[in-house]
Structures are given as C-alpha cells and as structure tokens.
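Subject: Handing over a structure

Hello,

I am passing this structure on to you.

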Amino acid sequence: MDFFSKMSQAEYHQFINDIIQKKPISDEDIRQMLSTTDQASLQKMFSAAASVREHFFSKNIYLYSFVYFSTYCKNKCAFCYYNAANGIERYRLTPEELRETCAQLKGEGIHMIDLTMGEDPHFHDRPENLLEFVKIAKETTGLPVMVSPGVVDDDFIFALQKEGAGFFALYQETYQKELYAKLRTGQSFEGRVRARNSAKAAGICIEDGILTGFSKMKLSGGVSVHPSVSDDIESAIVSVRGMQQSDPDQVRVMTFEPQPGTLLAETTHASDLMELKVIAVLRFVFPDRFIPASLDVAGIPGMVDRINAGANVVTSIIAADSKLEGVVNFDRDVSLNERQRDAKSVIEQLKKMGLQPGSQAEFEKYLNRNRKN
Ligand code: SAM
Ligand code: MD0
Ligand code: SF4
C-alpha cells in the first residue's frame with residue numbers, strides 16, 4: 001500500500017494544506033512514500049511537492065554558482081574522488097584566479113556563489129586565506145556567498161560570519177552512525193554536527209545534506225553494508241529526522257555516484273529514483289526551505305526531474321567555458337562546450353517549464369527570514 005494511491009481528490013488537497021500548515025508527517029508516511037513504485041502514485045507525490053513549493057516560492061527558482069577553488073584534501077572519504085589517497089591531479093586557485101572566475105559569473109543571473117574546497121590545509125589551517133577568498137567573491141560579484149570549507153572550529157566560523165559569509169554548507173551524508181563511519185572514514189560524527197550548529201548559532205544560514213543509493217554498497221574487499229533497498233529507505237528516514245534537529249535553511253539529497261580511485265569504486269550505481277522521492281519527502285518535511293537540484297549529478301535533464309519533484313534551487317552552475325571541477329562531475333568525459341552547466345542554459349530550461357529565476361531581493365529576504373539573528 002502506498003501513501004497516495006488510495007487518496008481521493010479531497011484527501012489529496014487536504015494533505016497539501018496540512019503540509020502548508022506545517023503539520024508533521026510520520027515515519028510510516030515517509031516509509032510508504034519512499035516505497036512507492038506505481039507511476040501514477042509517484043506523479044501524485046511529485047505534483048503535491050511542487051504545489052507546496054509553489055505556495056511558498058511561487059514560480060521562482062534560485063541559482064547558485066559553484067566554485068571549487070581547491071581540490072586538495074587531507075581527508076579520506078570513501079565516496080569522494082578528491083580523497084587524499086587518490087593520485088589525481090589537483091589545483092588551488094590563486095586570489096587573482098578567483099577574482100577572474102568571479103568576474104566571469106557577474107551578471108549571469110545567479111543568486112549566490114558557493115565557494116567549496118577540499119579540507120586543504122592552505123585554507124583549513126589558515127582562516128585568513130579563506131576569509132580573503134570570501135571577501136574577493138563578495139567584492140567582485142556583489143552577491144551573497146556560501147562557504148563549504150568542511151569542519152572548522154568556532155573561531156573560524158565566527159570570523160566567516162564577520163566577513164559576511166551568508167551560508168555555511170556541511171553535509172552529514174547520513175545520520176546512521178555505522179554508515180557514517182564507513183563513509184567519512186576517520187572523521188567525528190559529533191564534530192560535524194557541532195560545526196553546523198555553531199554556524200547556525202553564529203547567525204549564518206546552514207545547509208545539511210544526505211546521500212542515497214547505497215543499497216548495493218560494496219567497500220573494496222567486497223563488504224556490503226547496506227544490502228537492500230528497504231535498508232536504504234530506513235536509512236533515509238533516520239537521516240531526514242537527523243537533519244530536522246538543526247533547523248537547516250537548506251537541505252539536499254544526492255545519489256551516490258561511484259568514483260574511480262575510491263574505496264567505493266566497485267559499488268553499482270543506483271538509479272536516481274530514490275533521490276527524487278527523498279526530494280519530495282524533504283519538501284513535505286521542510287516545506288518552506290531551500291532544496292537544491294544539483295547539476296553535478298545528472299545535468300539539465302536531471303535538474304528537470306528534481307525540480308518536478310519539489311526542488312527550488314539549482315546548484316553547481318559553472319561558467320560556460322569554466323575548467324573548474326564539480327564534486328561528482330557526471331560530465332567528466334564531456335567536452336567543455338557541451339557541458340551545459342551555465343546559467344543561460346538553466347534559465348532557458350526553467351522558462352520552458354513555466355518557471356523563472358526569482359529576484360535577488362526576494363532571495364535575500366529568504367536568507368534574512370531564515371536567519372536567527
Ligand atoms: N570538503 C568539504 C566537505 O566534504 O564538507 C566540502 C566539499 S562537500 C560540498 C562535497 C560533498 O559532495 C560531500 O559532502 C558529498 O555530499 C558530495 N559528494 C562527494 N562525492 C560524492 C559522490 N561520489 N557521490 C555523490 N555525492 C558526493
Ligand atoms: C553541488 N557540486 O551543488 C556541488 C556541491 C557544495 N556546497 C555543493 C556538492 O552539486
Ligand atoms: Fe575531502 Fe570533502 Fe571529498 Fe571528504 S568529501 S574527501 S572532506 S573533499
């Protein structure tokens with residue numbers, strides 16, 4: 001029995017109204033939603049999520065540009081291409097290169113710049129270097145800046161707030177501690193939660209995020225820790241509840257993409273359907289928050305599916321001729337001019353869907369509304 005199949009029209013409208021009134025949904029409701037396989041029920045669920053989004057955000061979608069300014073990292077996350085043990089080529093932008101990258105993004109119609117790095121000691125151990133980058137991004141574009149620096153201490157967070165960072169992104173990946181230990185090898189679960197909460201307390205908006213698609217997870221050595229889809233569903237429920245605890249301003253889910261040179265390289269790639277269902281659930285649990293559709297996972301076609309499932313932000317936008325990396329790079333093998341990760345391609349597609357980029361003023365109003373102080 002799935003959640004939407006037996007609903008009358010009246011019940012369906014009542015459900016949407018309840019969500020708009022912020023009525024909580026139960027674990028069992030979420031379980032049924034995530035177990036849905038029937039096409040008609042899935043469509044009902046996605047349209048309900050889109051209606052909730054429209055209530056809070058009208059036809060407006062927000063665009064974030066992604067600037068991966070250093071791909072050096074001291075950590076060894078099992079899922080990540082940029083883990084320290086992977087013998088890949090890396091880069092670190094100079095302040096001048098960052099200025100040029102930001103200048104290219106100016107006037108493109110994006111709402112926020114996301115400055116992301118691996119846990120590169122050059123920035124991680126020397127806050128002044130990251131603060132300089134925040135300043136350059138703000139000065140060059142005049143836009144709000146999100147930082148994704150990994151786990152940093154309270155003094156660092158406070159300094160970021162003073163420098164004017166508007167958003168702090170730090171994804172827990174999962175709230176199942178056993179799975180976390182396998183994914184974020186050697187990193188503290190609590191320390192990661194604490195850093196996010198500190199940012200919130202310092203008055204910065206926060207983003208949390210989870211991964212799906214571990215049902216066929218294989219660590220090198222052949223150990224499967226998440227043997228079935230129903231485990232993936234239970235994992236998502238725990239993680240959605242976990243994310244509620246810190247009152248995040250933005251919540252994301254991304255399908256795990258197996259990467260060469262990682263401990264999880266042998267895992268079978270899961271379909272994106274679970275991610276789409278979790279996006280709809282996130283819209284029901286966090287009805288008025290930002291929920292991204294990442295271009296990094298499946299490009300523009302994937303963006304369309306994610307927006308149709310309830311997302312209201314497009315992330316991982318890069319300038320048309322950018323040579324910078326994404327985190328997952330579904331398009332690693334695609335030539336630069338075919339990448340279609342630029343703002344213009346996104347905006348054209350939004351228009352075809354009857355949507356539009358929201359105004360900058362409206363976006364900043366949300367940032368302030370969601371900020372505690
Ligand atoms: N180094 C910082 C950190 O890890 O917090 C900032 C980078 S963070 C924005 C990179 C995020 O991309 C991870 O938190 C994870 O959610 C996502 N990611 C990395 N590798 C991935 C993969 N193979 N599949 C899906 N998502 C991935
Ligand atoms: C994205 N590749 O939005 C980016 C990244 C970091 N704040 C975001 C995961 O898909
Ligand atoms: Fe480093 Fe972040 Fe990748 Fe982990 S996810 S290896 S911390 S860049």
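First, the ground rules. This is a predicted model, where local features need pLDDT of at least 70, side-chain atom pairs count only at pLDDT 80 or more, and totals for chains, interfaces and linings use all residues. Residues are numbered from 1 along each chain as its sequence is written, chains are lettered from A and ligands numbered from 1 in the order in which they are written, and side-chain values use heavy atoms, with hydrogens and water left out.

Ligand 1

Around ligand 1 there are 20 residues, the closest being F79, E173, R184, R192 and E257. A residue counts here if one of its heavy atoms lies within 4 Å of the ligand. By class, this shell holds ten nonpolar, six polar and four charged residues. The classes are simple: Ala, Val, Leu, Ile, Met, Phe, Trp, Tyr, Cys and Pro are nonpolar, Asp, Glu, Lys and Arg are charged, and the others, Gly among them, are polar. Strands β2 (112–117) and β6 (250–255) each give at least two residues to the shell. Strands (E, at least two residues) and helices (H or I, at least four) are DSSP runs, numbered from the N terminus.

Now the N and O pairs, which count as polar contacts within 3.5 Å. A polar backbone atom of F79 is 2.9 Å from a nitrogen atom of ligand 1. For M117, a backbone N or O atom lies 3.0 Å from a ligand 1 nitrogen. The side chain of R192 has an N or O atom 2.9 Å from an oxygen atom of ligand 1. On its own, ligand 1 exposes 570 Å², and the protein buries 94% of that. These areas come from the Shrake-Rupley method with a 1.4 Å probe.

Ligand 2

Ligand 2 has 13 residues around it, and the closest are D114, S148, Y171, S294 and T315. The shell divides into five nonpolar, five polar and three charged residues. What does D114 contact? An N or O atom in the D114 side chain is 2.6 Å from a nitrogen atom of ligand 2. A polar side-chain atom of Y171 lies 2.9 Å from a ligand 2 nitrogen. R252 places a polar side-chain atom 3.1 Å from an oxygen atom of ligand 2. Taken alone, ligand 2 exposes 300 Å², of which the protein buries 97%. β2, β6 and β8 (313–317) are the elements that give two or more residues to this shell.

Ligand 3

The residues around ligand 3 are Y68, C73, N75, C77, F79, C80, N83, G118 and R184. Five are nonpolar, three polar and one charged.

Aromatic rings

Rings of Phe, Tyr and Trp (its six-membered ring) pair if their centres lie within 6.5 Å; planes under 30 degrees apart are stacked, over 60 edge-to-face, and the rest tilted. The count comes to 23 aromatic pairs. F4 and F284 have ring centres 6.4 Å apart and planes at 45°, so this pair is tilted. The pair links distant parts of the chain: F4 lies in the segment before α1 (9–20), F284 in helix α11 (residues 273–285), 280 residues apart.

Best wishes

Methods
A polar contact is a pair of N or O atoms within 3.5 Å; within protein, one must be able to donate a hydrogen and the other to accept it, and residues adjacent in sequence count only if both atoms are side-chain atoms.
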